[in-house]
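Visitor: I would like a close look at one part of this model, the aromatic rings. Please set them in their surroundings as well.

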Amino acid sequence: LDAAPLAASLDDRYGRRHTYLRISLTERCSLRCTYCMPADGVSLTDARRLLSAEELLRLAALFVRAGVDKIRLTGGEPTVRPDLAAVVGALDGLRPLGLRQIAMTTNGVALSRLLPSLHAAGLDKLNLSLDTLQRGRFLELTRRDALPKVLRAVDAALALGYTPLKLNCVVMRGVNEHEVDAFAALARARPIDVRFIEFMPFDDNDWSDSKLVPSAELLAALSQRQPGLRRLRTDAHDVARTYSWPGAEGSVSFISSMTEPFCGGCNRLRLTADGSLKVCLFGGSEISLRDAMREGASDAQLLSLVSSALGRKHPRHAGLASPHDIARTKNRPMTTIGG
């Protein structure tokens, strides 16, 4: 396969080249976050319909040869997968093909004991999901009493040099918006980038705009209470606007998915644990690369499917006009999309 046609297969009709692949390793999760899934969990895909490790790595290699240079492992919760270190190691072997970065998003519950092996296998970057620093509220939000384990994971990640360590915090009105200053203090004291994320609608997560705290509101309030915030320069494809204070160890970022979409710079593709390709987080449209592989598709045919899907990608939010339209559209729970 020639390099130029390969790269072009990752372009959409708006000139966006998709070089960032998010791979969901599992639909399972060790937490039950209220904004992600119902208390009794979600219906899981039969194991036979999930990608095997060999299928996952075939697709990863194909995407890297086509121009993907960053892969992020997600879930569910990727650390519940027993072969996680082996998967990271196999992806590390794709660097000669052009892969520059292997990242992972995790809830951190099991991370402390796994991190040394993941670091040795080639894991470059880490995002930890953490929506509260209060143990009681953590239990309410996640339905699990695991905050001490997550905080130990933060310490372990920093000790191994994962800096800046990114903490993903979904902000919900009436739930945790009053903890913004505590998170900011953490960012000022340690090499951590706290990323305040607007609450987004997905299937079964009880979204409403009354719970949505616009990033602009958070930024204005934080700037007033903790003066000196300055905007930092970040990559053009970064979904966050990042700020810091003079002398601070870390930073705070704002991801305004609902109120100030950043779709114009989108370079992301998502591969679900059951092998479906999603070209937009909010769109219900998917194409099964798993089925195509199992029916004997060649690499060229698989890339043609990817190119066709990208050819149908909308300029913004899967063509949906508002957060309410997104909430009304059938999609998946976030845990089966891949966070």
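## Rings and their surroundings

Guide: The protein has an accessible surface of about 14200 Å² (Shrake-Rupley method, 1.4 Å probe; for residues, only the protein chains shown count as cover). Carbon and sulfur atoms hold 52% of that surface. The model is predicted, so local features need pLDDT of at least 70 and side-chain atom pairs pLDDT 80 or more, while totals for chains, interfaces and linings use all residues. Numbering starts from 1 along each chain as its sequence is written, and side-chain values use heavy atoms, without hydrogens or water.

First, the whole. Of the 339 residues, 53% are buried (under 20% relative accessible area; over 50% is exposed, in between partly exposed). The protein has 12 helices and 12 strands (DSSP runs, H or I of at least four residues and E of at least two, numbered from the N terminus). Take the contacts between residues at least 6 apart in sequence: 72% of them join residues at least 24 apart (contact: heavy atoms within 4.5 Å).

Now the rings. There are three aromatic pairs (Phe, Tyr or Trp six-membered rings with centres within 6.5 Å; planes under 30 degrees apart are stacked, over 60 edge-to-face, the rest tilted). One of them is Phe183 with Phe196: the centres are 6.3 Å apart and the planes stand at 85 degrees, so this pair is edge-to-face. Phe183 sits in helix H7 (residues 180-189) and Phe196 in strand S6 (residues 192-198), so the pair ties together parts 13 residues apart in sequence. Phe183 is buried, at 1% relative accessible area. Phe196 is buried too, at 1%.

Tyr243 and Phe254 also make an edge-to-face pair, with 5.8 Å from centre to centre and 75 degrees between the planes. Tyr243 belongs to strand S8 (residues 241-244) and Phe254 to strand S9 (residues 251-255), 11 residues apart. Both are buried. Ring pairs join Phe183, Phe196, Tyr243 and Phe254 into a cluster.

Strands S10 (residues 268-271) and S11 (residues 276-278) run antiparallel and are joined by two bridges. Arg270 stands opposite Lys278 in S11.

Phe282 is buried, at 6% relative accessible area.

Lys70 lies over Tyr20, 4.3 Å from the ring centre (the rule: NZ of Lys or CZ of Arg within 6 Å of the centre and within 35 degrees of the ring normal).

Last, a helix beside the sheet. Helix H3 (residues 84-92) has Leu84, Val87, Val88 and Leu91 as its buried residues. Seen down the axis, they fall within an arc of 100 degrees, so they line one face of H3 (the arc is taken from the directions from helix axis to C-beta atoms). These residues pack against helix H2 (53-66), strand S2 (70-74), strand S3 (101-106) and helix H4 (111-121).

Key
Buried means under 20% relative accessible area, exposed over 50%, partly exposed in between (1.4 Å probe, protein chains only). Two strands pair if DSSP finds at least two bridges between them.
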